[in-house]
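Please look through the structure shown below before reading on.

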Amino acid sequence: MRCFVFFGIQGSGKGTQADLLGDSLKFQHVSIGDLFREQISLKTKLGLQVSEIISRGELVPDELVFDIIDQSLHPDRKGIIFDGFPRTLAQAEFLVKHFKVRQVFFLELSEAKAIARISSRRICRDCGQNYNLVSDPPSEVNVCDACGGKLIIRNDDKPEAISRRLAEFYEQTLALKDFFAERGLLSEVDAGQEIEAVAKDIREIVASLPAE
């Protein structure tokens, strides 16, 4: 199965760009963070395990991540856009073994800009719609445009969680740049630009890839 991968520091726009490319290519967008939150909200056995691990401030073990991915894939998919996966070298090795990786996009963003973006994020507690108070604010302060629910800060966007996630990124995920670069799969994109400018750069890279 063909796939593209987005990774980068928290707040770099992985989910937004994965959505845009997925819509363009008609590929399934698989967001690991969203899958975790879905399993937790449904209180599945897997979700309870994930919730307990996250509450301890630990990374979800690779085998649980693989199980969640396997359960989420649509049988009629044309391809996959991964967002937030892989996060470790073991996950990266699993990816290249089980999927045909077309390209990996590293969204480059400074830590200062990342923290500013993350701190501005809000989510509707009722329907899960995402907002950014700077780049994509709701029409009414703290009220969801889609359902009228109250907007809140996700637990993993609070200051202590941001610090932990940034540390995890530098300790584990950043090493993936070398892993994919050595395989000729890495493209670095300036994520400090406007959303459409980033998307344009990504589309041009995809268009330049050799035919399969």
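The sections below describe selected features of this structure.

## Basis of the description

This is a predicted model, in which local features need pLDDT of at least 70 and side-chain atom pairs count only at pLDDT 80 or more, while totals for chains, interfaces and linings use all residues. Residues are numbered from 1 along each chain as its sequence is written, and side-chain values use heavy atoms, with hydrogens and water left out.

## Strand β3 and its partners

Helices (H or I, at least four residues) and strands (E, at least two) are DSSP runs, numbered from the N terminus, and two strands pair if DSSP finds at least two bridges between them. Strand β1 (residues 2-8) runs parallel to β3 and is joined to it by four bridges, with phenylalanine 4 having isoleucine 81 as its bridge partner in β3. Strand β2 (residues 28-31) also pairs with β3 in the parallel sense over four bridges, and here serine 31 has aspartate 83 as its partner.

In a regular strand the side chains alternate between the two faces of the sheet. In β3 (residues 80-83), Ile80 and Phe82 point one way and Ile81 and Asp83 the other way, and all are buried (under 20% relative accessible area, with exposed over 50% and partly exposed in between, using a 1.4 Å probe and protein chains only).

## Aromatic rings around phenylalanine 4

Rings of Phe, Tyr and Trp (its six-membered ring) pair if their centres lie within 6.5 Å, and planes under 30 degrees apart count as stacked, over 60 as edge-to-face and the rest as tilted. The whole structure holds 11 aromatic pairs. Among them, phenylalanine 4 and phenylalanine 27 form a tilted pair, 6.1 Å centre to centre with 40° between the planes; phenylalanine 27 lies in the loop between α1 (14-25) and β2, 23 residues from phenylalanine 4.

Phenylalanine 4 also pairs with phenylalanine 105, and this pair is stacked because the planes are at 15°, with the centres 6.2 Å apart. Phenylalanine 105 belongs to strand β4 (residues 100-108), 101 residues away from phenylalanine 4. Phenylalanine 4 is buried at a relative accessible area of 4%, and phenylalanine 105 is buried at 0%.

## Charged side chains

A salt bridge is a side-chain nitrogen of Lys or Arg within 4 Å of a carboxyl oxygen of Asp or Glu, and by this rule there are six salt bridges. One of them joins glutamate 204 to lysine 200, with the closest N and O atoms 2.7 Å apart; these residues are separated by about one helical turn, because they are four residues apart in helix α9 (residues 195-208). Glu108, Lys177 and Glu188 are linked in a network of salt bridges.
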